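Subject: Structure handover

Hello,

I am passing this structure on to you, and my notes follow it. Please read them with the model open.

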Amino acid sequence: MQRIFIFFFLTLLLGCHPTTRRDYSIQPIPFTKVHVQDHFWAPRIETNRIVSIPAAFKQCEQTGRLDNFAIAGGLKNGEHRGDYPFDDTDVYKVIEGASYSLLSHPDENLSAYLDSLIHLIAAAQEDDGYLYTCRTNQCTRLIRWMGEERWQKLNSHELYNMGHLYEAAAAHYQATGKRSLLDVALKNADFIHQTFGTREGQKRQPSGHPIIEMALVKLYRITSDEKYLRLAQFFIDETGYGRDGHQLSEYSQDHKPIVEQDEAVGHAVRAGYLYSGVTDVAAIVNNRRYIEAMDHIWHNVVSKKLYLTGGIGSRGMGEGFGDNYELPNHTAYCETCASIANVFWNHRLFLLHGDGRYIDVLERTLYNALLSGVSLRGDRFFYDNPLESIGQHQRQPWFGCACCPGNVTRFMPSLPGYIYAQQGRKVYVNLFVAGQAEIKIENQPIRIVQETDYPWDGQVKISLQLSKPRQFELYIRIPGWAKNQPVPSDLYRFLDSKNESVGITLNGQLLSANKEKGYVHISRRWRDGDIIELTLPMPVRRIITHEAVEDTRGKVALQCGPLVYCAEWSESVDGHVLHYYLPDEQKLNAEFRADLLGGIKTITGEVFAVRSIRGEGAAELESRDFCAIPYAFWANRGPGEMAVWLAREVDAARPVPLQTIASTSKVAVSCGDTIGLNDQFEPKHSGDTSKPFFIWWLRRGTQEWVQYDFVKPETVSKMKVYWLKVDHHDHQFRPPQVWQLLYRRGDKWLPVENSDIYGVEKDRYNIVRFKPIKTRAVRLQAQLQQECSGGILEWRVE
């Protein structure tokens, strides 16, 4: 069985199959050969195994996701459950994560449980290979998603479901050697191969929601059957042509052929999966146009669309990329799945190009945006990962659309496979994690041992254990943050340039090594017991952004090593942090706290709370003790304020606003979330979505309302509303056709006697004065426009 583990590992992580055919010239060291023994990642990987994976399976059981397979297979009677046609993928993803876990921690009970799930999945597969339980179960309420017939809607997620099936099947086969799920996947893939293609009678369209592209590459590498590779390339090449009547859309990266794209647009997860699949195929077939397109898009992301935390996807509407430099913090989406996709893509680009800058981005994402997606206990998850909050964000045990928890479960056990890589006699040390790895050079075993307390400390000791001296090359990455470059672009920069240099010694002697593509390159005849010691200075660093990023002007962020920091309510005496002002000259210190959040390094010092701003830089300030924690650890102690970016200019701080009738009211709405109406953030214009805002999601041409229920009866005579006006690809929001204000008297809603018109002007408050009324509740009632929805940035009552 161990031979199976080793032989098929590369398919497990990237689909890499050890043959002589063309592929990535650099290959990751199998994670079955990398043993993590640190205090940072090892506990998280174990928590994923004993908490996250069981919890996710339990949710799949309780929410009917497993029953859907049983119903489709005729093993159980009942109605299809769930609100989305892609719920099948949640089962597949957790199976994948559990299979990865089996590779490093064999578990007979878990293996038997997976066998029982695979029995359900196999039963649900239709005779021709089609597998999509909501259609087999004739779930008519999901027709708006999936269409009346197979493949009718590009956004049906049919191919997305099948891609995750292949990923799970590959992992399970490699973990157990059993073909039960693999045979299901291959039968389905053969059916897809017959259905899609360029031959007469076949369908010609892209996948809609990519992942099947890189999943097909995994099947190709397992089976050596080139039809799967050709099918993956077919789906890539179909982007941007609109064949078979489907509409072109930036949302699905289908607005133009992939080789003509040079900007990251649309749904961020779809983009990351597509770019990963394109990079896989490019490496195999040596398609230079693919590679050039990926290089152009990557440069666009890291120079204009990457969050400091490594997250991608700034817009909640569409869950995707915004315009260049559109990086709001409070409403940042940064979906956990998108962070995982970003790691996938950057790792593949490293394997393709051998450049450390891709690992720099990977590491930033890994330690910040991705890790934020799961709680320390491993049983709660973030879907979106904002960089600022007023307490409305909390991790959840599950979601109706539960893609993120399953994705976390499959990523965590594969993490050791990102630490090392190899290209013949070249060995790459990409990440600094205590433990050991077993590699072979010309079939001779070599053990690499890392000793480090990274990311809390920059001291890294690398020891080599060899049976006899051997010539090879060692490439040790020097992180960009240790070279005064937060990211490989001008999007972010350190406020000051530290002169502390990276130190590296070989057997105690200072080493002047060659530097190549972000790595220290050491070529020599290595001997048993050779020791390389790396010193990465980790002072507290201040970071500022490119001036084009509007939301961070006048603000600063903090970083120590690879970790981005945030201020959180728990360390503030009044529970607020958005009013913090941190002048550039304030001294900051790093301090390890074993008693806090399981043991973390904090950043401490003095900060000022801005009580009020009187204009022209004059402000009422109050000195406070300051403590920042790593961003990935926030929201583990309950909801409250949080900020990554702090004011370095007084005017950029937000004094705690005084309570008003509106801010203390209970909010009710006809549909949608209740956030954004009364948070007292001042809009800059009608398109300002950098702070919370309210929308009547997916409603058009309907009569809708929002309502304030006051704490006690109030006499009011004035109201003002700031309308949202946004054009985001498939999502348009406009002021309503007409609207009015009502107040409650007893059990009736009556119109106010207004003296001003009900305005629908943009970029300002629309003020309505009316005859004073005493009431416990007011309601704003709006008739939405026929072709677009509506929303409100702020609604105030006086």
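A term needed throughout: two residues are in contact when they have heavy atoms within 4.5 Å. The model is a predicted one, in which local features need pLDDT of at least 70 and side-chain atom pairs count only at pLDDT 80 or more, while totals for chains, interfaces and linings use all residues. Residues are numbered from 1 along each chain as its sequence is written, and side-chain values use heavy atoms, with hydrogens and water left out.

Overall form

The protein has 16 helices and 33 strands. Both are DSSP runs numbered from the N terminus: helices are H or I with at least four residues, strands are E with at least two. The C-alpha trace spans about 90 × 65 × 50 Å along its principal axes. For 798 residues, a compact globule would have a radius of gyration near 28 Å, and the protein agrees because its own value is 28 Å. That radius is taken over C-alpha atoms, and the globule rule is 2.2 Å times the number of residues to the power 0.38.

Of the 798 residues, 62% count as buried. Buried means under 20% relative accessible area, exposed means over 50%, and partly exposed is in between, with a 1.4 Å probe and protein chains only. Among contacts between residues at least 6 apart in sequence, 71% join residues at least 24 apart.

The buried ones are Arg65, Leu66, Asn68, Phe69, Ala70, Ile71 and Ala72. Their cover includes α2, α4 (88-104), α5 (108-124) and α6 (133-136). After α3 comes Gly74, with a positive phi near 75 degrees.

Thr89 belongs to helix α4. Thr89 is buried, at a relative accessible area of 1%. Leaving out residues up to four places away in sequence, Thr89 touches Tyr160, Asn161 and His164.

Leu536 sits in the loop between β15 (531-535) and β16 (541-545). Is Leu536 buried or exposed? Its relative accessibility is 2%, so Leu536 counts as buried. Beyond residues up to four places away in sequence, Leu536 touches Phe432, Tyr454, Gly458, Pro479, Trp481, Ala482 and Val502. Leu536 and Gly458 are 78 residues apart along the chain, yet 4.5 Å separates their C-alpha atoms.

Gln459 is in strand β8 (residues 459-466). Gln459 counts as partly exposed because its relative accessibility is 41%. With residues up to four places away in sequence not counted, Gln459 touches Glu451, Thr452, Asp453, Leu534 and Thr535. The side chains of Gln459 and Thr535 make a polar contact at 3.2 Å. A polar contact is a pair of N or O atoms within 3.5 Å; within protein, one must be able to donate a hydrogen and the other to accept it, and residues adjacent in sequence count only if both atoms are side-chain atoms.

Backbone details

Tyr454 and Pro455 are joined by a cis peptide bond, with omega about 10 degrees. Pro455 is in the loop between β7 (444-452) and β8.

Glu442 is a residue other than glycine with a positive phi, near 50 degrees. Glu442 lies in the loop between β6 (435-441) and β7, and is partly exposed at a relative accessible area of 48%. Leu597, also not a glycine, has a positive phi near 50 degrees. Leu597 lies in the loop between β20 (588-593) and β21 (600-615). Leu597 counts as buried, with 15% relative accessibility.

Gln27, in strand β1 (residues 27-28), is buried at a relative accessible area of 17%. A polar atom of the Gln27 side chain lies 2.8 Å from the backbone oxygen of Tyr24.

Regards
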